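Here's a quick tour of one model, written for someone who likes to know the cut-offs. Have a look at the structure first.

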Amino acid sequence: MKRRIAFILSVIMTVGLIAGCGDTAGGSTDGADTATGTSALADTTQVDNAIENASAAEDSSGYLYTGEAPITQDGGTIKILAQESNYANVDISKAPIVLKVFEEAGVEPDFELKDYDKYETLVAPVLSSADTDADIIKIPDSGDPNQVYIKSGLFVPLDEYFDYMPNYTKWLAANPVEKAELTAEDGHIYYVPGLNVADDYQPCLMYNQVWLDKAGVSAPDNLDDFVDLLRYFKDNDMNDNGDTSDEIPMSIMAEFLPYMFGPAFGLDLVSGFQADKDGKVTYAYADAENYKKYLEFLNGLYAEGLLESDYTTVDRDMVIDRISKDLTGVAFDFSWAMSMMYSNVLPYYDGTAATAFVGVAPLSGEQKGFYVGRNSLAGMFGVNINSDEIELAVKFLDYAMSDHCQDYYQWGFEGESYTVNADGSRQYTEQGNDNDWLQALGINPAFVLPADQSVEATDILVADWHAQINRDLRQYIKDPWPAIYATSKESDTVNLYMDDIQNLVNTEASAFIKGEKNLDADFDAYITSLEDLNLAEVTEVKQAQYDRYLKALE
């Protein structure tokens, strides 16, 4: 399917540059935007030519880099501004896989790593002001990086260095969908990305199967039965310790509430913007009927103590600790956690689904439930235009995203984390099946390098029952809001208003769920506040983008 829509997305690029540069309400197109559109189309052709004609070139020292290690004969140091691991006990800058890539490349790393959870907050101002001496920079994942940070003038147009990037140009030629998404309004390509798996191992609802069996029920598929089950977990001694007051029916992080319950009310709260069957775009958090019902439902859970009073402070470490003590029956997280972080800490887990935290189908309410997948592009890296080592940084990025390095990121080291069977298939070693050890090794180091996720490697790493559940859950995955090309004007509008809109949404959601504000008395004022923050203008931009997308599909 991805190959089939490759041409469509190429068309989107063209349509977006022409139709999108005019007034989104259908008015006249001003001269500046027309000039931008024409220029971008010409530059896109130049990028295509750059990919087609790319060939190995000698650097300033006369060394010819061909895509294999080493990338230089003179050594050097590359400073990387990137993200700490989301595992508190892992120093990703010292992970053996990461260090191996640098060792083979023939350069030394100099890492400037920022807190995983605060990365965007800490780095966005730096990127906007171009105030960093890092050679390579990881772009914050949220927002529209093709416009927000490019406009700072901080990043090198990589297509001007494609002669030093044989691995990347080969990848772009083989992946036209991603190439289209990576091409900026001016026609240049500024980033080297990592890749997510889009339909596999996505966030899902999980139950403690032992608790389900004790309750004598199967996994609920609707909200009413789900609430009844939470009540049962809360009121009974599910962990058989003689205390009926220590059970926490459900332990989930606040960020997963929209994933878990939004679809049951017909809302894609993960993407935020959504389109109905007629192509009309709306903002899910401004749905006066269904979003209010969603908040009413969560408020009901909160009032009964089925959603914890301090739910906004729950983090993954807390969830894992509770599961290890057999205190909770329901979780929601990326599927990876199912056997690798949740089941394996249960005191009675024996490697089977019968003693595990198992993933199940989404909950349905008035609407049929679904799970929201991900766009494939993630973890993008750019080269600082102020770097004294642009050629070296460009070549390192190219080597770091090569198939050779991706093999490290997905499997680790042969004989240490995996072995090769006689038929050529691979399997993880006993040590490789220890998730804590594997994370410390540096598996999937997307925090600091452009790493691709692998379904095959994940299937082998997780328990067999877990891999089968992942295959079963694919049918429930719904594509997120598409990665639609934005013009500079559209991006300016979204960036001007969306931060305030999202801050209001987050603040008010917490107040409504906790009962600090009354839904009957205050919800209309919330909707009015969204309107006052120019939501209509942002929605108009999203509608124009989606219309171009649909036109291209036709």
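Leu-81 stands opposite Ile-137 in β3. The two strands involved, β1 (residues 77-83) and β3 (residues 136-138), pair in the parallel sense over two bridges; pairing here takes at least two DSSP bridges between strands. Helices (H or I, at least four residues) and strands (E, at least two) are DSSP runs, numbered from the N terminus.

This is a predicted model, with local features needing pLDDT of at least 70 and side-chain atom pairs pLDDT 80 or more, while totals for chains, interfaces and linings use all residues. Residues are numbered from 1 along each chain, and side-chain values use heavy atoms, without hydrogens or water. The chain's pLDDT (the predictor's confidence in each residue, from 0 to 100) averages 88, and 89% of the residues score at least 70.

Zooming out, the open sheet has five strands in the order β2-β1-β3-β12-β4, with mixed pairing. Its edge strands, β2 (108-114) and β4 (192-195), each pair on one side only. Two helices lie across it, with angles (0 to 180 degrees) taken between N-to-C directions of axes fitted to C-alpha atoms, for helices over the stretch in contact:

| Helix | Lies across | Angle |
|---|---|---|
| α3 (residues 96-105) | β1 and β2 | about 140° to β2 |
| α4 (residues 119-129) | β1, β2 and β3 | about 130° to β1 |

Now for α12 (residues 316-324): Val-319, Ile-320, Arg-322 and Ile-323 are buried there, meaning under 20% relative accessible area (1.4 Å probe, protein chains only). Down the axis of α12, these buried residues fall within an arc of 160° , so they line one face of the helix; the arc uses directions from the helix axis to the C-beta atoms. Just after α12, Asp-326 takes a positive phi of about 60°.

Conventions. Contact = heavy atoms within 4.5 Å. Buried < 20%, exposed > 50% of the residue type's maximum accessible area, 1.4 Å probe, protein only.
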